[in-house]
Amino acid sequence: MCKHDYRIYFETLKIGYCFDCYSILSDSLFTKEEQKEYRQVTMPPMFEEFSEKRWKELSPWPYLTYRLAKANMVYFGRIYNREYIILPVVEGKYKPIFYMARDIRKDCPKKYKYLGPHDGKKIYWHKGLEKDTNTYICDVYVCEGIADAIYMSQFGAAVALMGLSYNHSLDKELEGHRIILCLDNDFAGNIASILLYTELEKTLKDIVGIKFLLLDEGKDPVDYPYEEMLGEIRGRK
């Protein structure tokens, strides 16, 4: 019987899936309590196993490793008969409750690249903010997309806004930390960074500081090799 934590139950399909076994799971392997707990899940169904070989073939992010992707419950899913990379937002440790889906087509028009659930309220992706802010200070990298935030989580805590707007729902978790804004270095991203800087500076009661990580125009955080990004971070501290 599968005892892995890295799994998900789809109530609408009455099946589960284990990302460690790479296998479909019978609903009998999930207790009634577990099935009820996963009722909030709005995730698309998978379309193939999440292997390292296929990740290297399908991933549009050359420096987002298979290890990082798998550790953050990324998988291959299908929506409207089209294949996507599913980037989950997880509640607690293992329950995905929201997602952004990235079209795997290399020639996909930019405005159609990403999809999210239509029937769910946007919930920000974040990792590393669970520590006690009274005793632990860390860098928090605020990014636009989940892939960038997953990549930046190697260097500290990370948040994905899934866009450029922020509703202050993570203010409590952000307090006591050093915030580093690394939104896209284009006109929209620069304006959003300035507005977010101003908002957070006024709203947060306890903050170590807010800084900008200005990357090359046209490049996202995930477009940098690890050592190069580490140099960018150290050069701006």
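**Figure 1. Residue classes in the lining of the largest pocket.** In this predicted model, the lining of the largest pocket has 11 nonpolar residues, 11 charged residues and five polar ones. The lining counts 27 residues in total. Nearest the centre of the pocket lie Lys110, Tyr114, Glu144, Asp184 and Asp220. The pocket has a volume of about 770 Å³.

**Figure 2. Elements around the largest pocket.** The volume of the largest pocket is about 770 Å³. Two or more lining residues come from each of strand S6 (95-103), helix H4 (146-152) and helix H6 (187-203). H4 gives the largest share, three residues.

Figure 3. Helix H7 spans residues 226-235. Its buried residues are Met229, Leu230, Glu232 and Ile233. Seen down the axis of H7, these residues fall within an arc of 160°, so they line one face of the helix. An α-helix has 3.6 residues a turn, so residues three or four places apart point the same way. On the other side of H7, the exposed residues are Glu227, Arg234 and Gly235.

Figure 4. Asp216 sits in the loop between strand S12 (209-212) and H7. Its relative accessible area is 42%. Asp216 is therefore partly exposed, since that class lies between 20% and 50%. Beyond its neighbours within four places in sequence, Asp216 is in contact with Asn185 and Tyr224. Asp186 is 30 residues away from Asp216 along the chain. The C-alpha atoms of Asp216 and Asp186 are separated by 9.3 Å.

**Figure 5. Ile179 in strand S11.** Strand S11 covers residues 178-181 and holds Ile179. The relative accessibility of Ile179 is 0%. Ile179 counts as buried because buried means under 20%. Leaving aside neighbours within four places in sequence, its contacts include Val140, Val142 and Leu174. Leu200, Leu204 and Ile207 are also in contact with Ile179. Tyr141 is 38 residues from Ile179 in sequence. In space, Ile179 and Tyr141 are 6.2 Å apart, C-alpha to C-alpha.

Terms used:
Residues numbered from 1 in each chain as written. Predicted model: local features only at pLDDT ≥ 70, side-chain atom pairs only at ≥ 80, totals over all residues. Heavy atoms only, no water. 1 Å grid on protein atoms, 1.4 Å probe; cavity = no way out; pocket = protein on both sides within 12 Å on 5 of 7 lines; lining within 4 Å. Points joined across faces, edges and corners; volume = space filled by probe spheres on them. Helix = DSSP H or I, 4+ residues; strand = E, 2+ residues; numbered from the N terminus. Nonpolar A, V, L, I, M, F, W, Y, C, P; charged D, E, K, R; others polar. Buried < 20%, exposed > 50% of the residue type's maximum accessible area, 1.4 Å probe, protein only. Arc of directions from axis to C-beta. Contact = heavy atoms within 4.5 Å.
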